[in-house]
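The sequence and structure come first, and the description follows.

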Amino acid sequence: QLPLPGSRLCLYEDGTELTESYFRALPPQTELVLLGPGESWRGCASDIERLLAAFCSQQDAVVEAARRLLTDERAPHRQKLLSDLIHNLSENILAENKEDDKKWFEGLESRFKNKSSYLRHSCESRMRGYMREVSGFISNVHPAARDAYRGIIDLMAEKLKSVKYNGCYFDRREEEGAARLCTAEGWFSCQGPFDRDDCPCKHSINPYSNRESRILFSTWNLDHIIEKKRAVVPELAEAVKTRDGREVNWEYFYQLLFTLDNLKLVHIACHKKTNHNLSCDKTRIYRKRKQTHEIS
């Protein structure tokens, strides 16, 4: 029913227009698209575009249809595909407050009224945990140096408290310019393993999207590049012990323990648990003495 002038025959796969000789060389059962005047076909990507358009315009209906199919589905592979589809289409990334996404808050304490407050709390809890590990190491410090070690712990704790335990790292609402690990929309990207520029698998997650993503995000690690237990804390203890009148540069150790100078977010599969073989910068362990000049 199409007019012959202006009509064209294309490959379904990639939209390549067929000449007569090319047509005759095609293998049997090749899928083709017949185009009328003014029509175009860019390959099977066109089908995907229409599918995505349908998802955007009728998302709720697609989710409901997928749930009905999942009820009677018995094939494991199809079950997973349907479950993943429902999970991804149920995202509510932009919702921030509890009343706008009640399902996201299921299982959390009632004191959390918005998503950012919970993610900030999560980051603060990790930082407090690191602080407890540094404090707990005091039993390994030489007895003569323990008072000095406690003094440094107090300085670090005060610094952490003043910056609200760096909760802004996980907060998408923090003011522009603050050190963060996420985008304004809440996406986090894996930054490991430590000896490469970035994650080879391109892991990413948005814990703000739905409850399942929020739970899964708790398995990601804030990894110390120069390791906390093997390198940073023992080096701090040794520096206090052998300071011999010098002033320990506690702010350098603070940066290594609690800031993005030495912390990166890593998917659990990319978390390298073996020795990183990295050490502290020996030139930064003590503060440089100020030079004094006598006036004759």
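## Terms and basis

A residue is called buried when its relative accessible area is under 20%, exposed when it is over 50%, and partly exposed in between, as judged with a 1.4 Å probe on protein chains only. The model is predicted, so that local features need pLDDT of at least 70 and side-chain atom pairs count only at pLDDT 80 or more, whereas totals for chains, interfaces and linings use all residues. Residues are numbered from 1 along each chain as its sequence is written, and side-chain values rest on heavy atoms, with hydrogens and water left out.

## Domains

According to an automatic or database domain assignment, the protein is divided into domain 1 (8-89) and domain 2 (115-270). The C-alpha centres of domain 1 and domain 2 are 46 Å apart.

## Aromatic pairs

Rings of Phe, Tyr and Trp (for Trp, the six-membered ring) are paired if their centres lie within 6.5 Å, and a pair is stacked if the planes are under 30 degrees apart, edge-to-face if over 60 and tilted otherwise. The structure holds 11 such pairs. One of them joins Phe217 and Trp220 in a tilted arrangement, 6.0 Å centre to centre with 45° between the planes; Phe217 is buried at a relative accessible area of 2%, and Trp220 is buried at 3%.

Trp250 and Tyr254 form an edge-to-face pair, with 6.5 Å centre to centre and 80° between the planes. Both residues belong to helix H9 (residues 250-258), where they are 4 residues apart, about one turn of the helix; helices (H or I, at least four residues) and strands (E, at least two) are DSSP runs numbered from the N terminus. Trp250 counts as buried at 12% relative accessibility, as does Tyr254 at 5%.

## Charges over rings

Ring pairs also link Trp104, Phe105, Phe112 and Tyr118 into a cluster. The charged end of Arg214 sits over the ring of Trp104, 5.3 Å from its centre, a description that requires NZ of Lys or CZ of Arg within 6 Å of the ring centre and within 35 degrees of the ring normal. Arg128 likewise lies over the face of Tyr165, at 3.9 Å from the ring centre.

## Nonpolar cores

A nonpolar core is a set of buried Ala, Val, Leu, Ile, Met, Phe, Trp, Tyr and Cys residues joined through side-chain atoms within 4.5 Å. The largest has 56 residues, and those with the most contacts inside it are Tyr149, Met156, Phe170, Phe253 and Phe258. Apart from this core lies another, of 7 residues, among them Phe55, Val62, Leu82 and Leu89.
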